[in-house]
Amino acid sequence: MAEAVQIENLSVSFDKNIKALDNLSLDIEKGRITGIVGADSAGKTTLLRSITGLILPDCGKILTLNLNPVLKRDEINKKLGYMPQKFGLYEDLSVRENLELYARLKEIPEENKEEIFKKLLNFTNLEPFQKRLAGRLSGGMKQKLGLACALLGSPELLVLDEPSVGVDPISRKELMKMVRELSFNDMTTVWSTAYMDEAQSFDMCVVMDRGKIIFKGKPQELSPDKQEFQKRVIELMGGYKEHNSPVAKDFDLEDNDIKFPVEAINLEKRYGDFYAVRNNTFCIKKGEIFGLLGPNGAGKSTSFKMMCGLIKPTSGKARIMNTDIGENPTKARSYIGYMAQKFSLYGSLDIIQNLDFFASVYGLSGAKKKEQIEKTIEIFELEPYLKRDTKELSAGFKQRLALACAILHKPPVLFLDEPTSGVDPIARMEFWSHIKGLAQKGVTVMVTTHFMDEAEYCDRISLFFKGETIATGTPFELKEKAGAKDMEEAFSTLIERSQNNG
């Protein structure tokens, strides 16, 4: 079979001691979907940017569609669809305006434009939202728009850099279906991902580690079973050994007899006639891990922000450690450690500066602040990176730092909003060892996630859809209710039932 991309002995360095790509050789076959899998800093994004001509290699050869991507970049761009991380969209432009812009960049003739737009808008279900600003779309809708823009011009090669980060399981399947159905005229797709269920569905799978390829072949060669597939991949990436969390080891809470540290009572948030959240009621026990699951735009983050006092509810109450957050927000927030989507860190500050800032925000000062920062640096093994700007850190290390910042003041309640989005499987397992350890120490945890294997770690789950809870129970109870073998199937089945019931 002919190759769409040919790479021979390619090396790329950003630091004299670290090679992002290390003497890498790879042929990507034409007309197939090839998945790129690997830990943070394995070199996935560098590989994709080299293929598109955005990075100049130190040495080696690369041909993209039989052209040198550096010397013939303008020519390749006409045949290429590229979707970078963070969408590549203009958030202050509407859906339609983004399509218009990309159509001009791709030099699509005016007489063909309307027919192409109509096909893509219908296929992505974005036709009713043409006038909506891209910045106001849900995560799943942004990804669909990003993919629609990348597909303009019927590219021969489609390059997708983690296109489904932060996207719910249903939308992920829709993205894969779109690519499969639009893979006309032998279009080749290169797709990097942190989701193992996605990796298992590719035609070919490439596993990377430290700039090298450690496996290339059909996913079924590793394992046809979903869970076993993830375990081989993890072994290939260096493996993970279960251990007690050093973060939880010295985490001691003040004694209290509060049975439900987190309570939501008829919480609602309305924008005009639209309910982002309606009639949300739940109580979370001390030391319980409580998961909020749901599709993008279901109302999970809005609920989080109301519980933290970041958004004022239209009606209802939220209580943290028996304190009404509406009546006494300062006291209520003092009990919370909050880890938002995208980690809430300041990219232009280094690690020490971020720790110092969040320690002050959480009310630490003087000798106690200094002691807690020093202890946190030791526990989270941050010493070698202290003077590095946060924006330069890998996603896994940003996650580690964000958790460190959130628990500096040893809060009895942790709110974690999609804390592992875009993080590789090994880093996710390490993160959850800390969370489970903290829960065993009595910390009450509320978490949202789009990784259904992580949902299995929750003691109880509330499944959200269109701003309302449609099911609550343990993972076992939800799987039993849906007649499903795993949480991913339960998620899809219960959402579909709710849709069909109106």
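**Close-ups of a predicted model**

**View 1. Strand β3 and its partners.** β3 pairs with strand β8 (residues 204-209) in the parallel sense, over 5 bridges. Here T34 sits opposite M204 of β8. Another 5 bridges tie β3 to strand β7 (residues 188-193), again running parallel, and I33 faces T189 there. (Strands are DSSP E runs of at least two residues and helices are H or I runs of at least four, numbered from the N terminus; two strands pair if DSSP finds at least two bridges between them.) This is a predicted model, so to speak of local features pLDDT must be at least 70, side-chain atom pairs count only at pLDDT 80 or more, and totals for chains, interfaces and linings use all residues. Residues are numbered from 1 along each chain as its sequence is written, and side-chain values use heavy atoms, with hydrogens and water left out.

**View 2. β3 from both faces.** Because 6 of the 6 residues of β3 (residues 33-38) are buried, the strand is largely enclosed by the rest of the structure. I33, G35 and V37 are buried on one side, and T34, I36 and G38 on the other. (Buried is under 20% relative accessible area, with a 1.4 Å probe and protein chains only.)

**View 3. The largest nonpolar core.** This core holds 80 residues, and M307, I320, L355, L414 and F415 have the most contacts inside it. (A nonpolar core is a set of buried Ala, Val, Leu, Ile, Met, Phe, Trp, Tyr and Cys residues joined through side-chain atoms within 4.5 Å.) Leaving aside residues up to four places away in sequence, F415 touches V262, F304, M307 and M446, among others. (Contact means heavy atoms within 4.5 Å.)

**View 4. The largest cavity.** Its volume is about 100 Å³, and the whole structure has 6 cavities of 30 Å³ or more. (On a 1 Å grid over the protein atoms alone, a cavity is a set of points where a 1.4 Å probe fits but cannot get out; lining residues have an atom within 4 Å of a point. Points are joined across faces, edges and corners, and the volume is the space filled by probe spheres set on them.) The lining includes V247, D250, F251 and K410. Helix α13 (residues 366-379) gives the most to this lining, with 4 residues.

Notes
Buried means under 20% relative accessible area, exposed over 50%, partly exposed in between (1.4 Å probe, protein chains only). On a 1 Å grid over the protein atoms alone, a cavity is a set of points where a 1.4 Å probe fits but cannot get out, and a pocket is an open set with protein on both sides within 12 Å along at least five of seven lines; lining residues have an atom within 4 Å of a point.
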